Amino acid sequence: MPPLLAVQGLGIRFATPDGEVVAADQVDLTLAAGESLGIVGESGSGKTQLVLAMLGLLAKNGRATGSVRFQGEEILNLPAAALNRVRGVKIAMIFQDPMTSLNPYLKIRRQMTEVLVAHRGLDEPAARARCIALLEQVGIPDAARRIELYPHEFSGGMRQRVMIAIALLCQPDLLIADEPTTALDVTVQAQILDLLARLRAELGMALLLITHDLGVIAGACERVAVMYGGRIVEEAPIDALFAAPAHPYSRGLLGSMPRLDLAQPGELAAIPGQPPNLQALPAGCVYRPRCTFAFERCRSERPDLRAMLPDRRKACHLEHLP
Amino acid sequence: MLDLLLRRLLVGIPTLLVIITVAFFMIRLAPGGPFDKERAVTPEVERNLLKAYDLDQPLLTQYGRYLTGVLQGDFGPSYKYHDFTVGELLRAGFPASVKLGSLALLLAIVIGVSLGAMGALYQNTGRDYAVMTLAMTGITIPTFVMAPLLTLIFGIYLAWLPVAGWGEGGWRHLLLPVVALALPQIAYIARLTRGSMIEVLNANYIRTARAKGLAERIVIGRHALKGALLPVVSYLGPTTANLVTGSVVIETIFGIPGIGRYFVQSALNRDYTMVMGTVVVYAVLILLLNLLVDLLYNLLDPKVQQR
Ligand SMILES: Nc1ncnc2c1ncn2[C@@H]1O[C@H](COP(=O)(O)OP(=O)(O)O)[C@@H](O)[C@H]1O
Ligand SMILES: [Mg+2]
């Protein structure tokens, strides 16, 4: 049985007037059916482009190379017509900014029913009934009335619930959530994360959760992949990563995160230095300029992502973190 | 909606009044008078003429009388076409002008939006460059150059179409003037549509629509077009105004019996009442069309509807 999702050697390049931007390089990921994987990394590390590339949603100046297999079938760089049998149906996505991700000129009803009309061949009344039921399921009260409203008549949190309802219309096998809570108030963030966890349990779908906040992943995912400068630098079960990060960058991320679970909270330490310039990546390890443990080999040789344990991988020349 | 309609109508009345007032005094300030070009008359005859048309009265009295007349729908007699009232002449010219103007507007919207959308969808390809070149040409070449040029090519060299005239208002007579009148507006609308379409295509909600696995036809037609058309709709106000002014030139060049041609002739002849009549008709037309555009915008943009 092939995994639900297998990404191999995925690279993303953008042509820009002042040179090529390498947004992702040699990305490998696998996800089993029903599993949840978090992708964490600073803003600009290529998380969003990574998932956009999978669904053929890159900007016009972007090119993706490598392989993305979904349920055993290659889907990378498929023509739109072929992709449309997968996206919105088997793979659904919700985006970071619910304020701009819904069409402001169309009623919620239209933006929901069109999915069922396109993929399930339902007629408008049947589709509408199903949409109302789903809106209620994601916690929107008075859905029969509110489905006739426009997006600007909803709060940010409610809009994100609508986005989630839209994503779930065709009962996808994989839900990709790109920073689903970043644009929301803290209290609303927790509600949305709870909702996602509940729905995943109810529907048995796999979840790919993208965030710059390790805390978000901690509660929602079984595994985590840490991204830096367009590469995955470490991948581990979430508990293992929290207990003992293997990559200096992961440790830096943990150190910069407020921890409530530790009896004596230590000092918060920001990682010194700047995120990498994707237009002129250094030779050798991408993290080397900010790494306190860098040695000669890190300057010349780029570390591959290698298995340390059956369920752990890291891309670092260090044998052990001191 | 009704609220907006009433409010705009109420604002329209003082606007119209200002336009009438300014036009009234401006045309009187222009040197010369309506009877200068007539054959020489004895002072006595001239006095009688002036008296017959109230022109011997003080300006303010004339203004007052004119305004009362207009309010009752009476635009007075023409000083040049002695046997007709201004109202009769305007009614006679109105159909041709409306036909010319509305066809040009239709052409400008349909062709302008199609070209602009095509440019955006095929951004930075040959088609896009062709659209942009056409748009730049349409914008930079003024109507009074473009019209004779079209006549020269299609009327004289190729001899496909009549050079001028109206005939019965059939398409052969209409084609050149309508195209010449619409061309600059096609160009503006194409550029506007292209720009807003490119912007909308980069919007997050278009990415959402694609992520939902919708056919490209629906992504463009349902999700992109509405937002892209809003700037075009708000530009329709200026468009109609431009078409009205353009029609004055076009009607004169092609000898079309519309009110635009009267406007030019009567201004040159100092046919005071006739000038005023055309000004009032044009002003009302532009005010009403702008109102219509506002209503249309309201219908399209749910955020405005709320207010
Ligand atoms: N259309 C584009 N052209 C050039 N560079 C781009 C384009 N889209 C994204 N990028 C670059 O790709 C990098 C990764 O972006 P992204 O995946 O959005 O980061 P994040 O991890 O915050 O989601 C960024 O440096 C961004 O500037
Ligand atoms: Mg992002």
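1. Contacts of the ligand. An oxygen atom of ligand 1 lies 2.9 Å from a polar backbone atom of Gln49(A). This is a polar contact, that is, a pair of N or O atoms within 3.5 Å; within protein, one atom must be able to donate a hydrogen and the other to accept it, and residues adjacent in sequence count only if both atoms are side-chain atoms. Lys47(A) contributes through its side chain, where an N or O atom is 2.9 Å from an oxygen atom of ligand 1. A nitrogen atom of ligand 1 is 3.0 Å from a polar side-chain atom of Asn61(A). Ligand 1 taken alone exposes 560 Å², and the protein buries 70% of that. Such accessible areas come from the Shrake-Rupley method with a 1.4 Å probe; for residues, only the protein chains shown count as cover.

2. Basis of the values. This is a predicted model, in which local features need pLDDT of at least 70 and side-chain atom pairs count only at pLDDT 80 or more, while totals for chains, interfaces and linings use all residues. Residues are numbered from 1 along each chain as its sequence is written, chains are lettered from A and ligands numbered from 1 in the order in which they are written, and side-chain values use heavy atoms, with hydrogens and water left out.

3. Shell around the ligand. How many residues surround ligand 1? There are 14, and the closest are Gly44(A), Lys47(A), Thr48(A), Gln49(A) and Asn61(A). A residue is near a molecule if one of its heavy atoms lies within 4 Å of it. Strand E1 (5-16) and helix H1 (47-54) of chain A each supply at least two residues of this shell, and H1(A) has the largest share, with 3 residues. Helices (H or I, at least four residues) and strands (E, at least two) are DSSP runs, numbered from the N terminus. By class, the shell holds 4 nonpolar, 8 polar and 2 charged residues. In this scheme Ala, Val, Leu, Ile, Met, Phe, Trp, Tyr, Cys and Pro count as nonpolar, Asp, Glu, Lys and Arg as charged, and the others, Gly among them, as polar.

4. The largest pocket. The space in the largest pocket is about 950 Å³. On a 1 Å grid over the protein atoms alone, a pocket is an open set of points with protein on both sides within 12 Å along at least five of seven lines, a cavity is a set of points where a 1.4 Å probe fits but cannot get out, and lining residues have an atom within 4 Å of a point. Grid points are joined across faces, edges and corners, and a volume is the space filled by probe spheres set on the points. Of the 29 residues that line the largest pocket, Leu57(A), Leu58(A), Ala59(A), Lys60(A) and Arg210(B) lie nearest its centre. H8(B) gives the most to this lining, with 4 residues. The lining divides into 16 nonpolar, 7 polar and 6 charged residues.

5. The second largest pocket. This pocket holds about 400 Å³ of space. Its lining has 18 residues, and Leu9(B), Gly12(B), Ile13(B), Leu16(B) and Leu287(B) are the closest to its centre. Helix H1 (2-29), helix H3 (59-71) and helix H11 (272-300) of chain B each give two or more residues, and H1(B) gives the most, with 9 residues. The classes are 15 nonpolar, 2 polar and 1 charged.

6. Cavities. There are 2 cavities of 30 Å³ or more. The largest cavity contains about 80 Å³ of space, and its lining includes Gly88(A), Phe95(A), Thr208(B) and Lys212(B). H7(A) provides the largest share of this lining, 3 residues. The second largest cavity has a volume of about 70 Å³; among its lining residues are His247(A), Cys285(A), Cys298(A) and His317(A). The lining of the second largest cavity has 10 nonpolar, 2 polar and no charged residues.

7. The chains. Chain A has 12 helices and 12 strands, whereas chain B has 12 helices and 0 strands. The radius of gyration of chain A is 20 Å, which agrees with the value near 20 Å for a compact globule of 322 residues. This radius is taken over C-alpha atoms, and the globule rule is 2.2 Å times the number of residues to the power 0.38. Along the principal axes, the C-alpha atoms of chain A fill a box of roughly 65 × 50 × 45 Å, and the C-alpha trace of chain B spans about 85 × 55 × 30 Å.
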